[in-house]
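Walk me through this structure, with cut-offs for each term. Keep it short and keep to the geometry.

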Number of protein chains: 6
Amino acid sequence: MRPSQRRPDELRPIRFTRGFTRHAEGSVLVEFGDTRVLCTASLEPCVPPFLKGKGQGWITAEYGMLPRATHERTPREAARGKQGGRTLEIQRLIGRALRAAVDLSALGERTLTLDCDVLQADGGTRTAAITGAWVALREAIDRLLANGELDTDPIQSQVAAVSVGLYRGVPILDLNYAEDSSAETDMNLVMDGEGRLIEIQGTAEGHPFTRAELDSLLELGAAGIRTIQAAQRAALED
Amino acid sequence: MRPSQRRPDELRPIRFTRGFTRHAEGSVLVEFGDTRVLCTASLEPCVPPFLKGKGQGWITAEYGMLPRATHERTPREAARGKQGGRTLEIQRLIGRALRAAVDLSALGERTLTLDCDVLQADGGTRTAAITGAWVALREAIDRLLANGELDTDPIQSQVAAVSVGLYRGVPILDLNYAEDSSAETDMNLVMDGEGRLIEIQGTAEGHPFTRAELDSLLELGAAGIRTIQAAQRAALED
Amino acid sequence: MRPSQRRPDELRPIRFTRGFTRHAEGSVLVEFGDTRVLCTASLEPCVPPFLKGKGQGWITAEYGMLPRATHERTPREAARGKQGGRTLEIQRLIGRALRAAVDLSALGERTLTLDCDVLQADGGTRTAAITGAWVALREAIDRLLANGELDTDPIQSQVAAVSVGLYRGVPILDLNYAEDSSAETDMNLVMDGEGRLIEIQGTAEGHPFTRAELDSLLELGAAGIRTIQAAQRAALED
Amino acid sequence: MRPSQRRPDELRPIRFTRGFTRHAEGSVLVEFGDTRVLCTASLEPCVPPFLKGKGQGWITAEYGMLPRATHERTPREAARGKQGGRTLEIQRLIGRALRAAVDLSALGERTLTLDCDVLQADGGTRTAAITGAWVALREAIDRLLANGELDTDPIQSQVAAVSVGLYRGVPILDLNYAEDSSAETDMNLVMDGEGRLIEIQGTAEGHPFTRAELDSLLELGAAGIRTIQAAQRAALED
Amino acid sequence: MRPSQRRPDELRPIRFTRGFTRHAEGSVLVEFGDTRVLCTASLEPCVPPFLKGKGQGWITAEYGMLPRATHERTPREAARGKQGGRTLEIQRLIGRALRAAVDLSALGERTLTLDCDVLQADGGTRTAAITGAWVALREAIDRLLANGELDTDPIQSQVAAVSVGLYRGVPILDLNYAEDSSAETDMNLVMDGEGRLIEIQGTAEGHPFTRAELDSLLELGAAGIRTIQAAQRAALED
Amino acid sequence: MRPSQRRPDELRPIRFTRGFTRHAEGSVLVEFGDTRVLCTASLEPCVPPFLKGKGQGWITAEYGMLPRATHERTPREAARGKQGGRTLEIQRLIGRALRAAVDLSALGERTLTLDCDVLQADGGTRTAAITGAWVALREAIDRLLANGELDTDPIQSQVAAVSVGLYRGVPILDLNYAEDSSAETDMNLVMDGEGRLIEIQGTAEGHPFTRAELDSLLELGAAGIRTIQAAQRAALED
């Protein structure tokens, strides 16, 4: 039995609260069980210097964790004076994953910044962040389409993510913190609406894993992502 | 009429959601209208170096604002690599205000860190933060008393804060963002449960103010704080 | 008897040495007893980015303390790689206080930077800095008026500041370091030439203070500032 | 035809120059074609604070690139005052990959730091770095075994890495810079001596990839790594 | 004729004001004409980590310049978040020069920090700083000898410094800012009380200089330093 | 006998490997015995802001040391978040020395950055860096002349450098690390092709040195530099 008492292929309850805050062009609180991430999409009518004059837009992301989102208090990055390697790695991943699903030319010279701030952490914050950020992005783009600022939808596909891992040799889906800490292998999958891979990141924590184990993790993750994508669509229809 | 349509002496709806997150020893979401601040109290069984071996505890605070808590996105301080002057000023104020109400010797060699993170800003974030942080502190201390880790209560008084200001020459209470931006004078008051002053910070934004204007602001603020303190007590009784 | 042996309402000897250094457009060494602060005003024919093209000027301040201005050597902020919270708080206060007395539109697209560097500290450095910086500002503006670069005087009022506090329950004026360290309450007042308040910052260090105590501190401070403003005017007439 | 004119499954010439510098406990210049990375292993008889007293050792890595290792000069990270996100991500990967092959308890309270500095870049610097760092690590451990400082070999497996990608839909092995820039998908594989996966990181740069494409990339990479591991062993036997 | 109208071998008026500030163990304002540097010596009863337990002391220096010490305002290093290369170079030089004249073993486990802060700059700030810092050091050591904290004098020699340069081919002594800016060669000399060299730093600004030119600069500098050292001794006898 | 067993006036074997890396406009590995420095020249078609529109070019240098270039591993400056004082001092010296030999007007609005990265250190890295950087600069300029981008050669003189020192009272040439550590005096000389001085930096490490000792060091260094300059010319003729 896995620590969370869930079946190996069972997701945590997944919830999207749209309009969680009011100023942002998109604002979604995403929950994967006790993991709660506030994802906001902020629109600016300009692009970073390296894209000036190229007639395309940009999507970028920033990630943060409130100091006491975690079991033990984590020092505040703003106070330490820099973002850690883990933070930079995660925010690069989120931005890359979303850009893979957007036609930046169709976006025009606009930047959308997805801020993903973890209010409470219980494992899987990066996959929850990608999943929620896509919904916030969708909201912001829908507003541009509704306003007539955009004619064609630059979003080409739906994006969601989940973690999978091997716990005592058994593939399990959507690891919480306790499971993540004791898993032998930890993998994050990001997929599009057609079930294709946008990103795969797998790490052998305890011992290297075989090709067969990789295959079973991929199956499990793909099924989980299909369920999560249905939840995203349901949230957007509300 | 003031921009918020409230009467000059009318507070915004004030709400405390206790247990908003689960890991911290105290965790309160405080709302003053659309201003929402998550205040957590984190306990560590040690003190900063300058207090080592002095047999007393420490209370400190950190303040942050999510990038899109504001109308326009504010750059993330962790990404910029430092906390701004405003942030440092506010977190120093919060810590000072709470320490004024606590007997640090009675706390023993423990540190309580109050993290005040603004999820949504609409004026008065620092006074909301002080008000919410005191509730979170109260929760954390109550837990230590309940556990038997502390015998006597180190909290000597209740602490709450509110802003007051002069808007077109009229003293108004609990300014929202629109009011704060156009007020001629802006003052923050922190008071204890006996109506005594812990901190007063008043700034002439538009034009200097007279002693008579100061007096009327002090009256207004004192009345507002009494109401807020009743709300704090009610929240703690739930 | 207060530690400095002065009467409760007695200021320290206050001295202004104009032209203390020769390059700056305004340069004043201000002394409040053993507290000595060098205040220089530097003129630049441009404004910060957020004011570009708005047809107005800017006044800003920076504050520093030489490492051995204090009893114990304080680490150099340039070597530590950042300005501390206290420094930022003080320099924000100085800038705000001076701007409250200047018509920035009448200044034109110019920036005046007031550098306040503490050569020797014995309490009250921020109030001495504001008081000296106003004299340096006055010198710099007088030069612009004399040169014909300005036609109308942008300075609308005289600005001075002083500290007051409660020492063993007695209100005292212009605290030195020893008094400041043992006062129960510490308050800084900034006033204009008409006796109106520009800034009030009061903190209960030892125990919260009553409204009656606040009133007595305000009286004491207002009287002290009148004397200091007379000294400012005398220095400018030399 | 791929830009490098190589067959899809053809590696670049791979070369290891052992003892490239003389001070380090292990020192290897690894070349994958025009990509050249100097990998040194430095031994210190202590562990980082979080491992103090746990009776185990630590393996960590740092990555850097000389400013003109690249086609255009890249600003020096030391001069910019921080390591970029890409650098942190790569050095975390190198450290993680090597730790997966070492029994840290058998290493004793020692730290081995693998510095991987890119002298010349032509794509695949991170996989070359992992591959070379393992040889430098092997050298450093062999020295400890030869000295009698260690009795049992803490290295449990051989580690090598390679990049694979989809170029115009065709899976290709060991991408150079030109190929990497135009590939639709880019994947880095790290495997142990038994052909098991230590790390898999795949990113859809151009368009998402299917499970079948992933499978073909994994086959190609696994074959490449077998060849690279043979070259590592040959280098160590010299 | 040189810009300052002085004879080629003429020093500026040199003045030492001892006890310029009151907290430091040594405090001297040194003036070389319009160049004014405040040099304080601060004593701490400990040594930096790399000297712990070696039974010797340490002498170090820090250098700073007030923002408006110069003709144009220079950005404050504390605000920029780092000390510039010129600052670091100068403070390393001051520390090295003073250590060359002190028996660090005879000093015991104490650190003396010489802070050299330029209040007004008109060329030659580094040589003035060394010259003044030695007097402040002498004061601090004399106090330790007088107190009985030291039995034997750790200072082995007198240290002073001066700049020399080639101006239109003529060797000139003690350059002010205008001369320094237009000199072809600029050299700083630090010598001990016996006329031996502690440091020589010469730079061809305009064109390389010959050995004969170097010789004439050395003569000129040596004579200047003898006069400066007499002034140091006179100041200490007051 | 000196530690390296060389005669007092004997240089280490000096070697230049041109084209050591392929992307840079100039790229030279210079070796002085076991000291190995990679010097690259990078061309950019622009100048720093302070030279904009002045019709001249700029030459600058950066210096770095790989962490394990030294006997003990040195912390990586990029990871520490800043360049140390020694690094800044050396790179300022390299830039200054090269600029002294170049007519910046003849260079046009171009910047040449000389990156000097120490792959292995055994004393004399800064003098090796200057010596190698001049060869890399020569290569880059020759390419501009060959391309027709420049008509006249902006390089006015050949530049080389060497260290000299007093070891047990005997002047020795080109100190290695062991000699440098135990020398009483350490001097770096930079000279042009006509034997004139561009820079002289001498420091008394153990005891102050006399004028006679300085003279003998200058002789020794001048002879060494003549030999090194012959080696530079030979390398360029290959």
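The charged end of E:Arg36 sits over the ring of C:Phe20, 5.4 Å from the ring centre. A charge counts as sitting over a ring if NZ of Lys or CZ of Arg is within 6 Å of the ring centre and within 35 degrees of the ring normal. In the other direction, C:Arg36 lies over the face of E:Phe20, at 5.4 Å from the ring centre.

A note on conventions. The model is predicted: local features need pLDDT of at least 70, side-chain atom pairs count only at pLDDT 80 or more, and totals for chains, interfaces and linings use all residues. Residues are numbered from 1 along each chain as its sequence is written, chains are lettered from A and ligands numbered from 1 in the order in which they are written, and side-chain values use heavy atoms, with hydrogens and water left out.

Next, ring against ring. Over all chains, a search of the whole structure finds six aromatic pairs. The centres of A:Phe50 and A:Trp58 are 5.2 Å apart and the planes stand at 90°, so this pair is edge-to-face. Rings of Phe, Tyr and Trp (its six-membered ring) pair if their centres lie within 6.5 Å; planes under 30 degrees apart are stacked, over 60 edge-to-face, and the rest tilted. A:Phe50 is partly exposed, at 48% relative accessible area, while A:Trp58 is buried, at 18%. Buried means under 20% relative accessible area, exposed over 50%, and partly exposed in between (1.4 Å probe, protein chains only). C:Phe50 and C:Trp58 also form an edge-to-face pair, 5.2 Å centre to centre with 90° between the planes.

Now the symmetry. A rotation of 180° with 0.0 Å of shift along its axis superposes chain A on chain B, with RMSD 0.0 Å. In chain A, the C-alpha nearest the axis belongs to A:Ala78, 1.9 Å from it.

The largest nonpolar core has 432 residues, and A:Ile200, B:Ile200, C:Ile200, D:Ile200, E:Ile200 and F:Ile200 touch the most other members. Such a core is a set of buried Ala, Val, Leu, Ile, Met, Phe, Trp, Tyr and Cys residues joined through side-chain atoms within 4.5 Å. Leaving aside neighbours within four places in sequence, D:Ile200 has contacts (heavy atoms within 4.5 Å) that include A:Met187, A:Ile200, A:Phe209 and D:Leu218.

Terms used. Copies are superposed by least squares on the C-alpha atoms of residues with pLDDT of at least 70 in both.
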